[in-house]
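Please examine the interface in the model shown here. A short report on it is given below.

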Amino acid sequence: MFLLAELPFDTATLATQLRCEHAGAFVSFEGWVRNHNDGRTVVALEYEAYSALALREGRRILDEALARYEIAAARCVHRTGRLVVAEPAVWVGVSAPHRDAAFAACRYIIDEVKLRVPIWKKEFYADGESEWVNCAHCARHDGHALS
Amino acid sequence: MNAAEEREVLVLYFALLREQAGRTRETVVTRAATARELYDELSASRGLALGRAYCRVAVNDEFVSWDAPLRAGDTVAFIPPVAGG
């Protein structure tokens, strides 16, 4: 199950929901808001999502993980809205009979989410500036500057 | 279908494109036959400064290629470089 959350999520509840009798392993990943990026001091982030497609693509990624790895269940929750430093932004949890598959599937899920899901991150810096991550060097070829 | 026909589509803007376009969405009447043509058209009229090569496009909430044909009533979303997780 892939979910977007406008409010802080409860990781204990998320983990409990993955518990099952034939799973001997549980692996989770949390992405937290870091206070620095590319040498700049980050004070806050804003996440924006294209919800309809993010949910579809996120669910596809989880289905892929279930097909590729011998796991029992997997979930991912991603925040939207404004987050402060050290706040959890994303949670991935996987339960499986054995830990190798749980670790591998968890890694797969977070890597694919970062690559494919239409969620965007705006960083706010200590100097008052802000920037959309991954967009700084993406100007049109005719030389128009980014605003 | 005559490729030069006008068709009405809904365009969704997100993140940096939303800021550049100055809106989250708009209904446009366009002669653009593909998503690529629509992006080029709106780049000019809305002053979008993000290179198409860096973006993806979705039609009706599914990723499509830039060559995907547009149909009246489609919802087109331009996807700037993502940064989730």
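## Model and confidence

This is a predicted model, in which local features need pLDDT of at least 70 and side-chain atom pairs count only at pLDDT 80 or more, while totals for chains, interfaces and linings use all residues. Residues are numbered from 1 along each chain as its sequence is written, chains are lettered from A in the order in which they are written, and side-chain values use heavy atoms, with hydrogens and water left out.

Over residues 143-147 of chain A the pLDDT is below 50. Where pLDDT is low, the predicted coordinates should not be read in detail.

## Extent of the interface

Chain A contributes 34 residues and chain B 28 residues to the contact (heavy atoms within 4.5 Å). The buried area, meaning the accessible area (1.4 Å probe) that two parts lose on being put together, summed over both, is about 2600 Å², with 56% from carbon and sulfur atoms. In chain A, the residues losing the most area to chain B are Tyr50(A), Trp120(A) and Arg140(A), together 25% of what that side buries.

## Salt bridges and composition

Four salt bridges (a side-chain nitrogen of Lys or Arg within 4 Å of a carboxyl oxygen of Asp or Glu) are counted between chain A and chain B. Lys122(A) forms a salt bridge with Glu19(B), with the closest N and O atoms 2.5 Å apart.

Technical notes:
pLDDT is the predictor's confidence in each residue, from 0 to 100.
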